[in-house]
Amino acid sequence: MLNRRHIRVKVMQSIYALHQSESDNLEKQEKFLLASIENILDLYLVVLSTLIEVRKKEEIFLEKSKQKHLATPSELNPNLKFVNNAVLIALENNNKLNLFFEKRKINNFQVNDDAILLLLEDIKNSDFYQNYMAIKTTSFAEERSFVADLFEQIIAPNEKLYNYLEDYKLTWVDDIPLVNTEILKQLKQFPLEEEKFRIPKVYKDEEDKEYAINLFRKTVLNETELEKNYENKTPNWDITRIAKIDTTIIKMAVCEFLKFPSIPVKVTINEYLEIAKEYSTPNSSVFINGILDNLSKELLLTEKIKKTGRGLM
C-alpha cells in the first residue's frame, strides 16, 4: 500500500516533530513513526467498513419501514437492489476481512453511526444511485462499477467523513488520499470469487520498512554532518532563518545522496521537490531544487556520492 514518497513524508513529519518538541528521545519518536505507518491499515479498514455499514443501515431501514402500522405498498415491497449488491455483500461476508475487523477492533461506525447515516442520505440523494436503482437487472461488472462510483463520488470526497477521521486520529490526515486510492483500485478490480479479495500489506516488502527506519535514524543521528554539506551553499539565506521543514527536507535528501547507494540522485531530488511543493512554502521547491542540484553535482565530482547500479543515471 505504502509507496516510497509516503514513507519519506512520514519520516519528515517525525523528524520535524522531534525538533519541535526539543526532545532527544529518538527511540520514542521512532516508535511513533512506525506506529503511525502501521495505523494506515486501521484507516484502510475503517474507510472500507463504510461500504459495509451503509448497506446494513439501509437494510435495517427497509425492515423497519415494513413494520410500520400504515406501511405504503413501496415500503412493503421495497427495491432491494442496493442491499442485494453482490460486491457489498461479498465485502460483508469476507472472512479474512472480518477477522481483521475483530483483531484490530474496527467498530467505529457501529458505536458511532452518525457519519454512516449522513453518508447513506447523500448516497440515496445522488443521481447515479437513482439511475442504478431504476435498472431492473445488472451484471456483476455493473454492480462492481456502481460500488466503485459510489466510493469515488460520495464516500471518498465526503467532508463529514473526512472530519470524523481527522478528529479520530490526527496522523491519518495525510494518509486518507493514499488509502482512498488503494480502495478505489481494489473496488474497480473486485474479483468475482470473494475469497480472492486481499487486504493489502502496509509495506510493499521488508526492504521498505527497513528504508523507513534507516532514513529516520541516519538523518537524525548525522544531522550535524549533513548540514555541513550545504551550510555554505545558501549565500542569500541565513541558515538559521530557513524554514524548519525545508532544512528537514534538505537533510533527508543529502542523507539519501550519501548513505543510500541504491537510490538514484535524480529520484531523490524529484521526490523531495514534490514533498516540498505539498508541505512547505510556495518558494521552497525552487530554493531546495537549487541547493540539491548544485550540491549533488559537487558531491558527485568529489566522489562523496557513490551509487550502485543505475544510481548515477
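Lys and Arg count as positive and Asp and Glu as negative, while His and the chain ends are not counted. The place of a charge is taken as NZ of Lys, CZ of Arg, CG of Asp or CD of Glu. On that basis, the mean positions of the 44 positive and 49 negative charges of the protein chain are 4 Å apart. The structure is a predicted model, in which local features need pLDDT of at least 70 and side-chain atom pairs count only at pLDDT 80 or more, whereas totals for chains, interfaces and linings use all residues. Residues are numbered from 1 along each chain as its sequence is written, and side-chain values use heavy atoms, with hydrogens and water left out.

**Overall architecture**

- The protein chain holds 16 helices and 0 strands; helices (H or I, at least four residues) and strands (E, at least two) are DSSP runs, numbered from the N terminus.
- The protein chain is more spread out than a compact globule, because its radius of gyration is 25 Å, well over the 20 Å that the globule rule gives for 313 residues.
- This radius is taken over C-alpha atoms, and the globule rule is 2.2 Å times the number of residues to the power 0.38.
- The C-alpha trace spans about 85 × 40 × 35 Å along its principal axes.

**Burial, surface and contacts**

- Of the 313 residues of the protein chain, 48% count as buried; buried means under 20% relative accessible area, exposed over 50%, and partly exposed in between (1.4 Å probe, protein chains only).
- The protein chain exposes about 17,000 Å², and carbon and sulfur atoms supply 50% of that area.
- Accessible areas come from the Shrake-Rupley method with a 1.4 Å probe; for residues, only the protein chains shown count as cover.
- Among contacts between residues at least 6 apart in sequence, 81% join residues at least 24 apart; contact means heavy atoms within 4.5 Å.

**Helix α7 and its surroundings**

- Helix α7 covers residues 114–124, and its buried residues are A115, I116, L119, L120 and I123.
- Seen down the axis of α7, these buried residues fall within an arc of 135°, so they line one face of the helix.
- The arc is that of the directions from the helix axis to the C-beta atoms.
- An α-helix has 3.6 residues a turn, so residues three or four places apart point the same way.
- The buried residues of α7 pack against α2 (26–66), α6 (108–111), α8 (127–134), α9 (140–155) and α10 (159–168).
- N112 has its place in the loop between α6 and α7, and is partly exposed, with a relative accessible area of 32%.
- N112 and F151 are 39 residues apart in sequence and 20 Å apart in space, C-alpha to C-alpha.

**Buried residues elsewhere in the chain**

- Q29 lies in helix α2 and is buried, with a relative accessible area of 12%.
- Not counting residues up to four places away in sequence, Q29 touches S14, A17, L18 and F216.
- The C-alpha atoms of Q29 and N214 are separated by 13 Å, although these residues are 185 residues apart along the chain.
- N180 lies in helix α11 (residues 176–188) and is buried, with a relative accessible area of 12%.
- With residues up to four places away in sequence not counted, N180 touches V47, F151 and A156.
- F260 belongs to the loop between α14 (244–259) and α15 (265–279), and counts as buried at 8% relative accessibility.
- Leaving aside its neighbours within four places in sequence, F260 is in contact with Y211, N214, L215, K218, C255 and K307.
- F260 and N163 are 97 residues apart in sequence and 38 Å apart in space, C-alpha to C-alpha.

**Positive phi values and a further loop residue**

- Most residues other than glycine have a negative phi, and most peptide bonds are trans.
- K105, a residue other than glycine, has a positive phi near 55°.
- K105 is placed in the loop between α5 (95–103) and α6, where K105 is exposed, with a relative accessible area of 66%.
- E303 is not a glycine either, yet has a positive phi of about 60°.
- E303 lies in the segment after α16 (284–301) and counts as exposed at 57% relative accessibility.
- L80 is found in the loop between α3 (73–76) and α4 (86–93), and is partly exposed, with a relative accessible area of 37%.
- The C-alpha atoms of L80 and I135, 55 residues apart along the chain, are 12 Å from each other.
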